[in-house]
Amino acid sequence: MAEAIFELFRGNREGGQPATYRVPIAPGMVVLDALLYIQAHLAFDLAVRWNCKAGKCGSCSAEVNGRPRLTCKTRMDSLPLEKPITVHPMKAFPVIKDLVTDVSWNYRVNKKIPPFEPRPGSEWKMYQEDVDRVQEFRKCIECFLCQNVCHVLREHDKVEQFAGPRFFVRVAALEMHPLDSKSRTRMLKDELGIGLCNITKCCTEVCPEEIHITDNAIIPLKERIVDEFYDPVLMLVRKIRGAKQELS
Amino acid sequence: MTTEYEIHDHDVLIIGAGGAGLRAALGALSQGAKVGVVCKSLLGKAHTVMAEGGIAAAMANVDPADDWRTHFRDTMRGGKLLNNWRMAQIHAHEAPDRVRELEQWGALFDRTPDGQILQRAFGGHTFRRLCHVGDRTGLEMIRTLQDRGVQLGIDVYMECTITRLLKDGDRVAGAFGYWREQGRFALFRAKSIVIATGGIGKAWKITSNSWEYTGDGMALAYDAGAELMDMEFVQFHPTGMVWPPGVQGILVTEAVRGEGGVLRNKLGKRFMEQYDPKKMELSTRDVVARAIYTEVREGRGTEHAGAYLDISQKPADYVKKKLPSMYHQFKELADVDITKGPMEVGPTCHYMMGGIRVDAETAKSSVRGLFAAGEAAAGLHGANRLGGNSLSDLLVFGHRAGLAAAEHAKAVRATPIDSAQVAEAAREILAPFERKAGESPYTIHRDLQETMQSLVGIFRDQADLIRALEDLEKLKDRAEHVSVEGSRLFNPAWHLTQDLRSMLTVSEAVTRSALARQESRGAHSRIDYPGLDAVWGTKNSVVVRKGDTMTLHQSPVPEMPSDLRQLVAEEK
Ligand SMILES: Cc1cc2nc3c(=O)[nH]c(=O)nc-3n(C[C@H](O)[C@H](O)[C@H](O)COP(=O)(O)OP(=O)(O)OC[C@H]3O[C@@H](n4cnc5c(N)ncnc54)[C@H](O)[C@@H]3O)c2cc1C
Ligand code: SF4
Ligand code: SF4
Ligand code: FES
């Protein structure tokens, strides 16, 4: 039977090293199948998170051959088998053990975001075309892969100033809900640090739900902030008025 | 190894953070209780997140003739009248309000042209009744509940497994368990406890269920003296994936058939004509699962021993819009484009109708202070659950359990914890580390799955069930000698030793109940007793612990008032 060689990170907060395992390949196999095979046969205490095995829960994120992926949706036949397949934990989050990382920071950020607040007296009529966009955002399975690749978090570790793409998607879902009454733009600017995003689109590229994070969520949110706080028309008006004042 | 533990105090402790647990938390919170929620996975990853097809509620947005009466009748008939009628009535009554509430908390369902919540057809439902969001309804539901719960201030203890309920005399006093990450112990003191731990499917080999579904809550309740009911009724969903091997068992939502998908055998014949010509593909799950199984057994199965399920006659855009996750699932995992050709599907272990026996109004169990809701509880679905009736069950009875648990907590004082029970629970958790050179839990789990799959599956008979009980005895013995290596830091082998205990308990309860019931009803099919039996139709199976042995008795099915009896009998 054909075999694949896996090189997995084994270790914890204190450090670790790669370990190599040989896994028999079955048709249609995904990387998570291989990890669970290793766990059941070769390394009983290998730490891995997973639940649905079908791309629905966002538990099984890791870096496969250096690329952030859902391991349950990464087919072995999409990877070159001549060299070892490397699987590492998400880099942007602290390792707990092996492939399991501490993602609790995300839950703390989420808690800061003011929830949905319906307009008083709402009639609860909404039309499909008005909810399509928000439904795109609500597809998010919280795999945190976008958080993992965003350089603001991954390279610059700005966890205090920056909420990350996942939470811009969440805010966008709230802001664009047809019946929501709250504004979160000031918070986006001041607390969630959306200004630090320089639209590299790395987040969009890795999103397994194919959410257009930058084009549909981040950019429109940035535009709202501009409209609200730095509206060029308003600024122009102010300037002209100022000039007028100078003249008179 | 250290047996120290941290202590947390709550009025109401909820074990499980799926739809039932989170809805219960919101219910209890609304009464001013201090609420804690414990779960094995990260928050938002419970099984509820995977639910696809929808929530059943007679809102009558699409079919104006629908009402609670029809929903009630469908549920009772689907359950082959073994349901607790009062639960079915409450459920049908309250589901629409619970769905509207979700919308008011921010959930966004698919819409009708006039701006209401859209509803789709599903097996066994007379009318188009399932409120849905494409095929990711569960995700919408769990996010809505979780965000609201977190905002309103529930304490969430995620990646923490409860292994024991602690008692003070006849009432619950708390729960004990360990943090999966660091392996440390935690003690939760509470006046009321709600079990919302979901199902047991991981005891079977081919299953749509995740590693979490090991029946912990039922085993916890059983060990604490509560009654388990209807344990023979395990639902095999007719359509799981059958190929490639790694995805075997993964669910193919019934929404595919709801949206018009047809089933064919390898000869191209729509075989449901033979099994249920009236309802065809939208017959109840027990019927469709047996039909596919029979086609395969009689040599008319597909290449990978399944049936074809085809939705490609619908426009490709429509399929992608209404079934996006099925489209991706098949494209990415099986190289099949479902807008162009058929899927291959076969039965997969999916849902547990049985569970903790509860009171219909309050969800309380037979142990004082202990409540249960969702898949972990029994009664609503009888011998077979209709699709979509689980998500509504979670909301309706989660809510009621939360209210009743908070009320109970107000009426009683906190009770002291018995340190001997705690020490015993700690010893039990650590035992696999103390033993040397024992068996690995993975091989025991694999053998358990083989036994349940081959001997306690869709079709059962006496000889198989007796053999299964013998196997289970041996497996229990092996599990007593299981050992693990390594540290307590996120150690899945060690975690599995704990889950294995629960699986063995519930597997035995299923097998004993199945052996006793000498008839075929709903999801329970006995080859040696192929028909319905009128006398068995008046009995629920009840399992209770007496000392160290599992005992089984029958209890009369609660009798329906005559108006409801008439309603169920009406021809429609
Ligand atoms: C793929 C799939 C699709 C489905 N689609 C539908 C559908 O369309 N419509 C429908 O009505 N139903 C559907 N169902 C069924 C439905 O999703 C489940 O029955 C329901 O979600 C169960 O919810 P619950 O709240 O009871 O439990 P779950 O959502 O499973 O939550 C259980 C919780 O208990 C926790 N837990 C378990 N044991 C312990 C322990 N020992 N200690 C601490 N915590 C513990 C878990 O971590 C988890 O948080 C589907 C099921 C599956 C698998
Ligand atoms: S587009 Fe913005 S949020 Fe996305 S990865 Fe780039 S910097 Fe980060
Ligand atoms: S937005 Fe996409 S990548 Fe980011 S957490 Fe959600 S699903 Fe994952
Ligand atoms: S296991 Fe759920 S997304 Fe991979």
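Two strands are said to pair if DSSP finds at least two bridges between them. Strands of a sheet pair through backbone hydrogen bonds, either parallel or antiparallel. The model described here is a predicted one.

**Sheets of chain B**

Chain B has an open sheet of four strands, which follow the order S11-S14-S13-S12 with antiparallel pairing. Strand S11 (234-241) and strand S12 (262-264) of chain B are at the edges; each has a single partner strand, so one side of each is left without a neighbour in the sheet. On average, and with direction ignored, neighbouring strands of this sheet are turned by 45° against each other. Inside the order, strand S13 (residues 307-310) and strand S14 (residues 343-352) of chain B are joined in the antiparallel sense by three bridges. Leu309(B) has Met343(B) of S14(B) opposite.

A further open sheet in chain B is made of three strands in the order S3-S5-S4, and its pairing is antiparallel. Its edges are strand S3 (55-56) and strand S4 (119-120) of chain B, each with a single partner strand, so one side of each is left without a neighbour in the sheet. S4(B) pairs with strand S5 (residues 130-131) of chain B over two bridges, in the antiparallel sense. Gln119(B) has Cys131(B) in S5(B) as its bridge partner.

**Helix H3 of chain A**

Helix H3 of chain A covers residues 128-138, and its buried residues are Gln128(A), Val131(A), Val134(A), Gln135(A), Glu136(A), Phe137(A) and Arg138(A). What do the buried residues of H3(A) pack against? In chain A, they pack against helix H6 (165-175) and helix H9 (213-230). In chain B, their partners are helix H4 (137-152) and helix H9 (316-322).

**Cysteines and ligand 3**

A disulfide is a covalent bond between the sulfur atoms of two cysteines.

| Residue | Relative accessible area | Class |
|---|---|---|
| Cys57(A) | 3% | buried |
| Cys60(A) | 6% | buried |

Cysteines also occur around ligand 3, where the residues are Cys140(A), Ile141(A), Glu142(A), Cys143(A), Phe144(A), Cys146(A), Cys207(A), Pro208(A) and Ile213(A).

Key:
Residues numbered from 1 in each chain as written. Chains lettered and ligands numbered in written order. Predicted model: local features only at pLDDT ≥ 70, side-chain atom pairs only at ≥ 80, totals over all residues. Heavy atoms only, no water. Buried < 20%, exposed > 50% of the residue type's maximum accessible area, 1.4 Å probe, protein only. Contact = heavy atoms within 4.5 Å. Axes fitted to C-alpha atoms, helices over the stretch in contact; angles between N-to-C directions. Near = heavy atom within 4 Å.
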